[in-house]
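Trainee: I've got a new model open and I'd like to learn how to read it. Could you walk me through it?

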Amino acid sequence: DPYKDEPIRSPLLIPSSEKPFNAEPPVQMLAEKFLTPNDLFYVRNHLPVPCVCIEDFTLDLALSTGKPSLTFKELTQKFPKRSVTAAIQCAGNRRSEMVKVKPVKGLNWGSAAISNAKFSGVSLNELLKHYNVDIDTVRAKYIVFEGLDTQPDGSPYGASIPLELARMLKDEIIIAYEMNGEPLPRDHGYPLRIIIPGVVGARQVKWLKKIYFSPEESTSHWQRRDYKGFNSSTDWHNVDFDKSVSISQLPVISAICDPVDGQELEEGAEEVTLKGYAWSGGGRGIIRVDVSADGGETWHEATLKPNGQTPYHSYAWTLWEADIPLPEGATQTQLVVKAVDVSYNVQPDSVAGIWNLRGCLSNAWHRVNVTVPP
Ligand code: MTE
Ligand code: MO
């Protein structure tokens, strides 16, 4: 069994698949803490978790100036420790809402395939500079990352981002060895993972083994045949993955974490307290979160909890809260949230228009139905 050496996991995680292990935390717990505790951080594995002996481990770079292999000790001792607080979100977060429109292929994620942590490690740019590589003048089109986890045919999990994006983010990309001040947990990439803030989860390669520059994208299945967007008339008979652009920076999203769908509020309640998260890719900060207690007829502004970052380098999520009146006398109603980022990007009001066959990028207004016993 290739899965016999999996890590021990919190019993609080709600699995959407066991082998490989995929799980999200209870959504109410997500909005409680700005930094998601490591054992509650959602897990998205495509393959068995590799067992790494830290003494034998090296990170391998293939550069124009040479092919250095660094031990864990060299990495952690030779270079200054840099940190970034960032949300990581699976492209399939909130996929279960798309499934209600029409079936899709993918894990049936709720709203908690996203988490937020402080990652610390070595700056990719500082590492490259140490080997006399200037990311601004490298002659290539992509930077490629490979993990230690391999498919049955021996090919590793891999991902890439355009070099243009890597240049924009050069001071923010980190080869992380710590998560919230602790060594990276095995499920999250021990001993190393690349953190590319503001970019989709699929590119945050865990168990990072190799970095190189290339004239083409990573040839991995997950770069070429997955994690792309399509319009809602594209189906498995006419889909052309080569024609679609790989997902990198993600669109604006939000969700109500508390109350949860189907929840019964207090008897005769006149007000409801909503809590949740909002986030946008590309470092675009959240400037406003609107909530409604009547299915989107009338809106109130939620109170944003500052994430400590600046509007154009806002990689962490923004938690928010709102106390709003319930419609008078209603015994059931729909709570809604939508967020606005600093570029005034907004979320689409319904999921039908953005439906796609892989159920990615499900960022419509988030709706939660509740009942109010009279
Ligand atoms: N890296 C490797 N090596 N193998 C993987 O299966 N999954 C990716 C990404 N990095 C994956 C990986 C996907 S799709 C997501 S959403 C994130 O890791 C999930 O990170 P997490 O498990 O730390 O939440
Ligand atoms: Mo993902």
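Predicted model: local features only at pLDDT ≥ 70, side-chain atom pairs only at ≥ 80, totals over all residues.

Trainee: What radius of gyration does the protein chain have, and what would a compact globule have?

Mentor: A compact globule of 374 residues would have a radius of gyration near 21 Å, and the protein chain has 21 Å, so the two agree. Its C-alpha trace spans about 70 × 45 × 45 Å along the principal axes, and 44% of the residues count as buried.

Trainee: How many helices and strands does the protein chain have?

Mentor: There are 6 helices and 21 strands.

Trainee: Which strands pair with β8?

Mentor: One is β9 (residues 156–162), antiparallel to β8 and joined to it by 6 bridges; E146, for instance, has G158 as its bridge partner there. These two strands form a hairpin with 5 residues between them, and G154 in the turn has a positive phi of about 90 degrees. β13 (residues 208–214) also pairs with β8 in the antiparallel sense, over 6 bridges, with L208 as the partner of G147.

Trainee: And which residues come nearest to ligand 1?

Mentor: Out of 20 residues around ligand 1, those are H46, C90, G147, Y157 and G201. β3 and β8 are the elements that each give two or more residues to this shell. By class, the shell has 10 nonpolar, 6 polar and 4 charged residues.

Conventions:
Residues numbered from 1 in each chain as written. Chains lettered and ligands numbered in written order. Near = placed C-beta within 6 Å. Helix = DSSP H or I, 4+ residues; strand = E, 2+ residues; numbered from the N terminus. Nonpolar A, V, L, I, M, F, W, Y, C, P; charged D, E, K, R; others polar. Pairing = 2+ DSSP bridges. Rg over C-alpha atoms; globule rule 2.2 N^0.38 Å. Buried ≥ 20, exposed ≤ 12 C-beta atoms within 10 Å, placed from the backbone.
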